[in-house]
Amino acid sequence: MRTTLVHNPTAGHHTPSRDDLLRMLRREGHDPSYCSSKDREFAAALEDPGELVIVAGGDGTVGKVACRLAGRGIPLAILPLGTANNFAQSLGIAGAAETLAASWKAAAPRPVDVGVARGPWGETVFLEGVGLGLFPRLLAAHERRAGEAEEPGTDAAKLRQGLRLWAEQLAGGAPLEVGITLDGEDLSGRYVLAEALNVGLVGPNLPLAPDADPGDGRLDLVLVGGNDGELARHLDDRLHDRRTCRPPELTVRRGSRLRLEWTGTRLRLDDELWPPAGREVPSGAWAELEVRAGALAVLAPAADDRAGLTGVRPG
């Protein structure tokens, strides 16, 4: 089978090398072309990628490749090598690279949704989610530190650092006034976090929408007000390794069309800020989100077979 392997060579901690991955894929009967996600021309490799695209990397790499494949009917397989691997985990994709590659022979492509965001800055596709409030503030802080050398550490240590940063931002962040309309219903209010999610996990493996189904044609809208202590409780439990730790019981609304209106800040779109740095955010910023149902075909366990998370209080 002619395939294209898109690999992030800096993903994760002690992950397989380029040569390791190529040898493994050839043993499984693939004829892979290799492309590093760090290559500025990697998108050109996806113009004619063959019968299957394999992504070996974390959420950022998976998202960039998946959005380029949306609507093209080319199956996507994932070798999760990143720190969080939220998208892969939300689809039940986990385990050693060799085990996952061997499982593809018997796997049927599973339809997975992507989202479309439109705003004053144009139109773009997203895979994981769009949000305002806490998460964009964290991304903005990371953007300001761009170019600084990252401290070495294991994936577990990096996830723990992420939890600490979330807890600090949650404790110090003021609610944001957001106009929200979901499938015609007005949900406007003041929120410290407003996230429209295609998957259940975000950031450092936070189960904000544990029952989210990336193939149901809907987004899961998570709204956290200033007086809602559930997310703070969950972060504190995780940071103190409490055995009683459970997912935060957050209210989740589901719908397929969402409009956001806000002032003074960029929103997060997957692992980036939108609009990009240098673009002005008008006082009456807006974005409209909708779902492109089944736009991707991902080699993953059937939805009924994945290990679901619990803890959502349906809205």
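**Exercise 1. Find where serine 37 sits, decide whether serine 37 is buried or exposed, and list what serine 37 touches.**

Step 1: Look in the loop between β2 (31-36) and β3 (52-57), and you'll find serine 37 there. Helices (H or I, at least four residues) and strands (E, at least two) are DSSP runs, numbered from the N terminus. This is a predicted model, where local features need pLDDT of at least 70, side-chain atom pairs count only at pLDDT 80 or more, and totals for chains, interfaces and linings use all residues. Residues are numbered from 1 along each chain as its sequence is written, and side-chain values use heavy atoms, with hydrogens and water left out.

Step 2: Serine 37 counts as buried because its relative accessibility is 17%. (Buried means under 20% relative accessible area, exposed over 50%, partly exposed in between, with a 1.4 Å probe and protein chains only.)

Step 3: Leaving out residues up to four places away in sequence, serine 37 touches Val6, His7, Asn8, Phe42 and Thr61. (Contact means heavy atoms within 4.5 Å.)

**Exercise 2. Describe how α6 and α7 pack.**

Step 1: Start with the geometry: α6 (residues 155-172) and α7 (residues 230-239) pack at about 145 degrees, with axes 10 Å apart. (Axes are lines fitted to C-alpha atoms, for helices over the stretch in contact; angles run from 0 to 180 degrees between N-to-C directions.)

Step 2: Now pick out the residues. From α6 come Arg160, Leu163, Arg164, Trp166, Ala167 and Leu170, and they meet Leu231, Ala232, Leu235, Arg238 and Leu239 of α7.

Step 3: Sort that contact by class, and you get eight nonpolar, no polar and three charged residues. (Ala, Val, Leu, Ile, Met, Phe, Trp, Tyr, Cys and Pro count as nonpolar, Asp, Glu, Lys and Arg as charged, and the others, Gly among them, as polar.)

**Exercise 3. Work out what lines the largest cavity.**

Step 1: The structure holds one cavity of 30 Å³ or more, and the largest cavity has about 30 Å³ of space. (On a 1 Å grid over the protein atoms alone, a cavity is a set of points where a 1.4 Å probe fits but cannot get out; lining residues have an atom within 4 Å of a point. Grid points are joined across faces, edges and corners, and a volume is the space filled by probe spheres set on the points.)

Step 2: Its lining includes Gly57, Asp59, Val62, Ile78 and Phe87. At least two lining residues each come from α2, β4 (76-80) and α3 (86-90).

Step 3: By class, that lining has five nonpolar, three polar and one charged residues.

Key:
1 Å grid on protein atoms, 1.4 Å probe; cavity = no way out; pocket = protein on both sides within 12 Å on 5 of 7 lines; lining within 4 Å.
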